[in-house]
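Me: I would like to learn how to read the surface, the strands and the core of a model like this one. Could you take me through them in turn?

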Amino acid sequence: MKKIKLFLLVFVGLSITLVSCDKNSDSNNPTNYDQQSALAQNYAFIQDVYGDIFDLLCQATGDSALLASHAGTIAGATVTYDSIDNKFIFTFPTKSTNGKSGEFTADLNGDFQDVGTVTHISFNNYSVNGNLIQGTNDITNKGKIGGKGTTLGPVITYSDSISALILKGGDSISVAANYTVEWMLGANIFLVNDDQYLFSGAITGTTLNNPNKWFQATVNPANKVLFTPACQWIQSGIITSEMHTLDASNNPKITTTVINFGSGCDKQVMITMDGTSVTFDMP
């Protein structure tokens, strides 16, 4: 199986922060700016955590040497495979170089590429950059659909459901999300660069110790986010997000942001926040 890089939504948090109200020009309410920045960072962090889990699982289930020997190393994790129970355990050292420690387990009730297979992710003291990850993550293979053209093979569709608690800094963040990932295999199964990945779905994160701080983001199926390893940047798609904070008078404030990646392989992205649009280049 080819490596799926789900880093794309990490840019969302950065993008929201960059175009949030400028702290210097919002002298009457710098607290709200800080709240928005924190929410954006939390959103990016959560996307990165679960994107990485999905990526690691894709690598492990497609590693023929690991499957044969029942042990291997992937991205700094020691991975053991129990072929009887169809279980993968990813263990990270206490002093890892990638900020991860502890372990998570992936229990599969079938082959990852077979329709109907459900992968249940559970955590055992698993932390990312010192932030504890708890809860459940279920990934379901929804089946294959036809090819998208002469240069692309079949599409494997996955539903990624998340119900979790993230302990990040002084916040306890309740997370609920459901994504659809369409993995469009290229004509050559040994090449990564001719694959494409489409993402849609929604996520909500609520700060339990401050119910006035929460965020949600949606990728409508009509505006799926497209990523292909052949391009350095996200190629297309639209993400709509809302951040709920308090204004200077401690009244609820909703900030709506639309991130439009345009079309084609280029680094430009357009951010529209509460009706004001800014176009800039992604890193």
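**Surface, strands and core**

Reply: The protein chain exposes about 12700 Å², and carbon and sulfur atoms supply 50% of that area, where accessible areas come from the Shrake-Rupley method with a 1.4 Å probe and, for residues, only the protein chains shown count as cover. This is a predicted model, in which local features need pLDDT of at least 70 and side-chain atom pairs count only at pLDDT 80 or more, while totals for chains, interfaces and linings use all residues. Residues are numbered from 1 along each chain as its sequence is written, and side-chain values use heavy atoms, with hydrogens and water left out.

Me: Which strands does S2 pair with, and in what sense?

Reply: Two strands pair if DSSP finds at least two bridges between them, and strands (E, at least two residues) are DSSP runs, as are helices (H or I, at least four), numbered from the N terminus. Here S1 (residues 71–74) runs antiparallel to S2 over 4 bridges, and S2 pairs with S3 (residues 87–92) in the antiparallel sense over 5 bridges. Across the second pairing, Tyr81 stands opposite Phe88.

Me: Which residues have the most contacts inside the largest nonpolar core?

Reply: In soluble globular proteins, nonpolar side chains tend to be buried together. A nonpolar core is a set of buried (under 20% relative accessible area, 1.4 Å probe, protein chains only) Ala, Val, Leu, Ile, Met, Phe, Trp, Tyr and Cys residues joined through side-chain atoms within 4.5 Å. The largest one has 60 residues, and those with the most contacts inside it are Ile46, Tyr50, Phe88, Phe90, Phe104 and Ile133. Its largest share, 13 residues, comes from helix H2 (residues 30–61).

Notes:
Buried < 20%, exposed > 50% of the residue type's maximum accessible area, 1.4 Å probe, protein only.
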